[in-house]
Amino acid sequence: MESGIDWQGLRDAALRMTRLAYAPYSHYPVGAAGLVDDGRIVSGCNVENAGYGVTLCAECGLISELVAGGGGRLVAFCCVDGQGGIIMPCGRCRQLLWEHGGPELAVATPAGVQSMARVLPQAFDADSLGLSRD
Ligand code: THU
């Protein structure tokens, strides 16, 4: 699952993104980076808002870059805090990642690399709707 993936490079890219985070409320910067199946690296940082619930997680920016950059499948993903420590994506973002990476997506976790199927068991997705994504 994780062979050939430059995890350190992904983690460095995620940490760089934490420097760009807009987190004046939580003071908890997050950076996310993903490897796309065509070799691109996409990334994002959290963007908070005075309306706390409107805050965009780092993964939101990453997914926007993925789609706006031509789409593709995520094959590896990691997100980090301001110290570069690996953190787990929040529940909502696990759903976002599933949509664009599916069960095989390799996710860096504090417990090592795990499949998206393990990170989001019994996911609700296009199959649940009886639809294909295309
Ligand atoms: N955050 C993310 O950016 N991604 C996650 O998966 C977890 C939480 C951000 C949102 C908020 O700006 C801050 O972390 C504290 O919750």
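Which residues surround the ligand? Select Ser-26, Tyr-28, Val-30, Asn-46, Glu-48, Thr-55, Cys-57, Ala-58, Glu-59, Met-88, Pro-89 and Cys-90, each with a heavy atom within 4 Å of the ligand. This is a predicted model, in which local features need pLDDT of at least 70, side-chain atom pairs count only at pLDDT 80 or more, and totals for chains, interfaces and linings use all residues. Residues are numbered from 1 along each chain as its sequence is written, and side-chain values use heavy atoms, with hydrogens and water left out.

Colour this shell by type: seven residues are nonpolar, three polar and two charged. Here Ala, Val, Leu, Ile, Met, Phe, Trp, Tyr, Cys and Pro count as nonpolar, Asp, Glu, Lys and Arg as charged, and the others, Gly among them, as polar.

Next, show the polar contacts (N or O atom pairs within 3.5 Å). At Glu-48, a polar side-chain atom lies 2.5 Å from a ligand oxygen. Polar backbone atoms of Ala-58 and of Cys-90 are each 2.8 Å from an oxygen atom of the ligand. Of the ligand's 370 Å² of accessible area on its own, the protein covers 78% (Shrake-Rupley method, 1.4 Å probe).

Key. Polar contact = N/O pair within 3.5 Å; in protein donor to acceptor, adjacent residues only side chain to side chain.
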